[in-house]
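Here is a short briefing on one protein model. Read the overview, then the grouped points.

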Amino acid sequence: MKRSGDSEGEKRRKRRRLLQELGNQKIPFLRPPDRGYQRLWDSSYSGLVLRRSCSVPAELHVRVQDALLTLRRKGCLLRDLVRIRERDVFTAVSRTLLGEPGHTYRYLDTRLFAIPWHSEDPEVKGRNCCDSDLSAACKALWELNTFFSSDVSQRKEGDRLTRCLKEEAKLSDEGDTGSKNSEDSKNSEGGDSESKQSEEGETESKHSEEWDIEWKHSEEGCSGSKQDGEWETKSKPSSEEGESSEDKPSGVSASEHNEGKCPSVAPKALSGTQNKGVGLTAQGKPVAKMKHISSDHHVEDREEAASRQGCSQPSPPPVCTGPVKFNVTLLNYMDPAAMSQLKEEPYYGMGKMAVGWHHDENLISHSPVAVYSYNCHNDKGESSEGGSEERPCWSIGLKVAWDIHTPGLTLPLESGDCYYMRDDLNSTHQHCVLAGESARFSSTHRVAECSSGTLTYIQSRCEEALSNLRTDLETGSHSLLALLPTTLKHCEEIHNEVEFEWLRQYWFQGRRFARFCSWWTGPMEQLEKDWKLMETMTMLFLGTLEEEEGQGGEGRREMAEALLSALTDRHQQRQTWRDRCHSSLAQTLPPEEAPVDRPFWGVDDLSMPLPFDLADIINRVESLLWRM
């Protein structure tokens, strides 16, 4: 399902309006220990909670960091070949998905198949799908997931920032540091002059084509940014819509958490941020008036959200209520030294971006996101201990979506630090990742929206379709139980869903992980067998229509039209997948990672073509309709 042209055009117009209002100016942003940093956090970024490394159990650090290094050493983190505006692009980061058995996570037309946590779950226990090292690594990340699920639920309403920053915020507010004017960054590099080259909001980045991706992907996705994408949002208007920081109390309101007893963030730890933040005036007001753009800058796109999961019948998105249980974690690895170029953050001058501005997508509404950050010394995964104080540090940047007036915020991260994005922060704000000098892992724990993204779901869909197929136990011949147009349409929709949302996704990239973990091998073989039976059902539907030729009836015509629609869609999608499998980018992958143009009718013979010529079948249906 694609976005409507009207919706996309409206978004372009709104982006242009914001960029024109911004002009060549830089938007102010604050970083510790800038004056007013704490107040800005409390007023405009209250959903962000920091957990310093020293507040996380030491033994958990050891297990998690060993697990990340194990996954890296075994080659389990791989770059994804994703689909952007009819193009295939490699992600800048390497990644893998861990999670509940049978769960998947879909982004940028790519479905990731989770390696299951190796907990005491009966679905995994006793199944020898991984070696002992990988199993132990998965279990360690499950322990981190359990810790996050418990910890984020214990955070009280009104939590803001840990005491790690409280003392500095107080000193900063009391001291005469002086405000930094937004004019300081007007003439800095990486300004908005690129946006003026935009024609209807579709200008390609001057940098690598990968910059085109960031506005749609999940945390740690494709590097860089695209001008149009910076102001993209798929969220509903926030409950904070229209709030101004001027309405907030001027005092610091940080809660004192148990994890807040760590040493404070020292100014020397911020040496990696080259561009200085912009402070507040002596009256406590930001240099740029802090206000939110009105709600007409938020564009709902529920059809697009539904299409990411491949739902044939979109339903209202579920909302996260009650205790949190993260069901997947997307593990990411990036070494800036291995990148040919990193783009400057263009709107605030925050520094080099490893990941551009984005929302984490495909999540339960209002569900939190928990992130564990771990730095390595080099590409071999050697831990960085006691590095130079002048080395750039990794940070996250945050901004309010569709807002060029509220200052941005940056948060430096030391190795082992964790942060939570709670409430509606992920929906109403965007975040980016600012590169440090060392390599970095992140484990990003989510409550993925999996109503149509689990093995249990697609197996139940197969059962629905195959319930209309009768098999003679003696002869093995097949026949259909019902010939209603609605039944045909429903079965063919499931047929397409199984092939394009599961089998081809798996054989395009998902099967790469089978050499590390065999959990998905058996279920995918069974799905392929079910798909073959659905191919047989398609031919039975066609045979029935041809046998009844000459008999009138609106129902027969309706059946033929429904069949033609499903077959035409199938034909187009198969061609797209074939083109992707044989694209120049796909051909650069090693054989064990290269996409396979599958499913095939002959499972054991990949050279065997499908038994039915789809183009010929479409011609037969069209001829039937013409003669009716």
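Helices (H or I, at least four residues) and strands (E, at least two) are DSSP runs, numbered from the N terminus. By that rule, the protein has 12 helices and 17 strands. The model is predicted: local features need pLDDT of at least 70, side-chain atom pairs count only at pLDDT 80 or more, and totals for chains, interfaces and linings use all residues. Residues are numbered from 1 along each chain as its sequence is written, and side-chain values use heavy atoms, with hydrogens and water left out.

**Burial, surface and contacts**
- Buried means under 20% relative accessible area, exposed over 50%, and partly exposed in between (1.4 Å probe, protein chains only).
- Of the 628 residues in the protein, 59% are buried.
- The protein exposes about 25,600 Å², with 48% supplied by carbon and sulfur atoms; areas come from the Shrake-Rupley method with a 1.4 Å probe, and for residues only the protein chains shown count as cover.
- A contact means heavy atoms within 4.5 Å.
- Among contacts with a separation of 6 or more, 83% join residues 24 or more positions apart.

**Nonpolar cores**
- A nonpolar core is a set of buried Ala, Val, Leu, Ile, Met, Phe, Trp, Tyr and Cys residues joined through side-chain atoms within 4.5 Å.
- The largest one holds 81 residues, and Leu-71, Leu-141, Phe-148, Val-498 and Trp-520 touch the most other members.
- Helix H4 gives this core its largest share, nine residues.
- A second, separate core has 31 residues, including Leu-50, Ile-84, Leu-97 and Leu-330.
- Beyond neighbours within four places in sequence, Val-498 contacts Ile-458, Cys-462, Leu-503, Leu-527, Trp-531 and Met-534.

**Helix H3**
- H3 (residues 58-73) has 16 residues and spans 23 Å from first C-alpha to last, close to the expected 22 Å; the expected span is 1.5 Å times one less than the number of residues.
- Its buried residues include Leu-60, His-61, Gln-65 and Thr-70.
- The buried residues of H3 pack against H4, strand S8 (328-334), strand S10 (369-376) and strand S15 (439-446).

**Asn-145**
- Asn-145 sits in helix H4 (residues 132-154) and is buried at 4% relative accessibility.
- A polar atom of the Asn-145 side chain lies 2.9 Å from the backbone oxygen of Phe-326.

**Cysteines**
- The whole structure has zero disulfides, a disulfide being a pair of cysteine sulfur atoms within 2.5 Å.
- Cys-418 is buried at 0% relative accessible area, and Cys-432 is buried at 0%.

Methods:
A polar contact is a pair of N or O atoms within 3.5 Å; within protein, one must be able to donate a hydrogen and the other to accept it, and residues adjacent in sequence count only if both atoms are side-chain atoms.
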